[in-house]
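Please look over the chain shown here. This report walks through its fold, its cores and the positions flagged in a record.

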Amino acid sequence: MRVLGVDPGLTRCGVGVVEGVAGRPLTMLGVGVVRTPADADLGLRLVAVEQGIEQWLDEHRPEFVAVERVFSQHNVRTVMGTAQASAVAILCASRRGIPVALHTPSEVKAAVTGTGRADKAQVGAMVTRLLRLAEPPKPADAADALALAICHIWRAPAQNRLQQALALHASKAPQAPRAPHA
């Protein structure tokens, strides 16, 4: 499974590609950051994020895209930029028919470090260890993007089994009688 992880942001949008399957060693195929100038027009910044993500999709051809789920923060301006960059990533993947999964920050931290309260340094250290890298990816947005991809690879099999079980259960559930047409 090849996953593009996206840590959305308008100034720094972390991107990282990881390949592998749960229970086996994982391989980093690329990591970086799509940057936009903070003083540029919002529309131009969003176009720059789109172009950057499109380049990553073209180059690495992921089977899935894992994006950090935007959560409420105290700084509304920051959360708006994060939400806008997230929407761009989802749009780019969806336009190509690539499935998108959203993972919360605590879900990613728990998957990678064992605790949902891990700090950025702990996440970076575990990403370095899990991908057998010489040093932690910098900036933290890049390490977070790799953590998102790792989280998805590890969680996807269980999520798929759950969705299949729910679909099977729904298909076997008795149907409510339909009202006759008048």
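The report starts with the basis of the model and then moves from the fold to single residues.

## Basis

This is a predicted model, in which local features need pLDDT of at least 70 and side-chain atom pairs count only at pLDDT 80 or more, while totals for chains, interfaces and linings use all residues. Residues are numbered from 1 along each chain as its sequence is written, and side-chain values use heavy atoms, with hydrogens and water left out.

## Fold

The chain has 5 helices and 5 strands. Here helices (H or I, at least four residues) and strands (E, at least two) are DSSP runs, numbered from the N terminus. Along the sequence they follow the pattern β-β-β-α-β-α-β-α-α-α.

The strands form an open sheet of 5 with the order 3-2-1-4-5 and mixed pairing. Two strands pair if DSSP finds at least two bridges between them. Strand 3 (27–35) and strand 5 are the edge strands, each pairing on one side only. From one strand to the next, the twist averages 20 degrees. Helix 1 packs on this sheet and touches strand 1, strand 2, strand 3 and strand 4. The direction of helix 1 makes about 165 degrees with that of strand 3. For such angles, axes are lines fitted to C-alpha atoms, for helices over the stretch in contact, and values run from 0 to 180 degrees between N-to-C directions.

Strand 4 (residues 64–68) pairs with strand 5 in the parallel sense over 4 bridges. Val67 has Leu102 as its bridge partner in strand 5. Glu68 has His103 as its partner there. Strand 5 (residues 100–103) has two faces: Ala101 and His103 are on the covered one, Val100 and Leu102 on the uncovered one.

## Burial and cores

Of the 182 residues, 38% count as buried. Buried means under 20% relative accessible area, exposed over 50%, and partly exposed in between (1.4 Å probe, protein chains only). Contacts in this report are heavy atoms within 4.5 Å. Among contacts between residues at least 6 apart in sequence, 63% join residues at least 24 apart.

A nonpolar core is a set of buried Ala, Val, Leu, Ile, Met, Phe, Trp, Tyr and Cys residues joined through side-chain atoms within 4.5 Å. The largest has 18 residues, of which Leu4, Val6, Ile53, Leu57 and Val65 touch the most other members. Strand 1 (2–7), strand 2 (12–19), helix 1 (42–60), strand 4 and helix 2 (76–95) each supply at least two residues of this core. Apart from it lies another core, of 17 residues, among them Val112, Ala118, Leu146 and Leu148.

## Positions flagged in the record

Which residues does UniProt list under "binding site" in an unreviewed entry, besides Glu68? The entry gives Asp7 and Asp141. These two span 135 residues in sequence, yet no two of their C-alpha atoms are more than 6.1 Å apart, so they gather at one spot. UniProt lists Glu68 under that heading as well. UniProt positions follow the numbering used here, feature names are shortened, and annotations may be inferred rather than shown by experiment.

| Residue | Relative accessibility | Class |
|---|---|---|
| Asp7 | 5% | buried |
| Glu68 | 15% | buried |
| Asp141 | 12% | buried |
| Asp144 | 10% | buried |

The contacts below leave aside neighbours within four places in sequence. Asp7 sits in strand 1. Its contacts include Arg12, Glu68, Asp141 and Asp144. Glu68 is in strand 4, and among the residues it touches are Asp7, Ser86, His103 and Leu148. Asp141 lies in helix 5 (residues 140–172) and is in contact with Asp7, Arg12 and Gly14. Asp144 is in helix 5 too, where it is in contact with Asp7, Lys120 and Val123.

Met126 is in helix 4 (residues 120–130). Beyond its neighbours within four places in sequence, Met126 is in contact with Val112 and Thr113. Met126 and Val112 are 14 residues apart in sequence and 6.5 Å apart in space, C-alpha to C-alpha.
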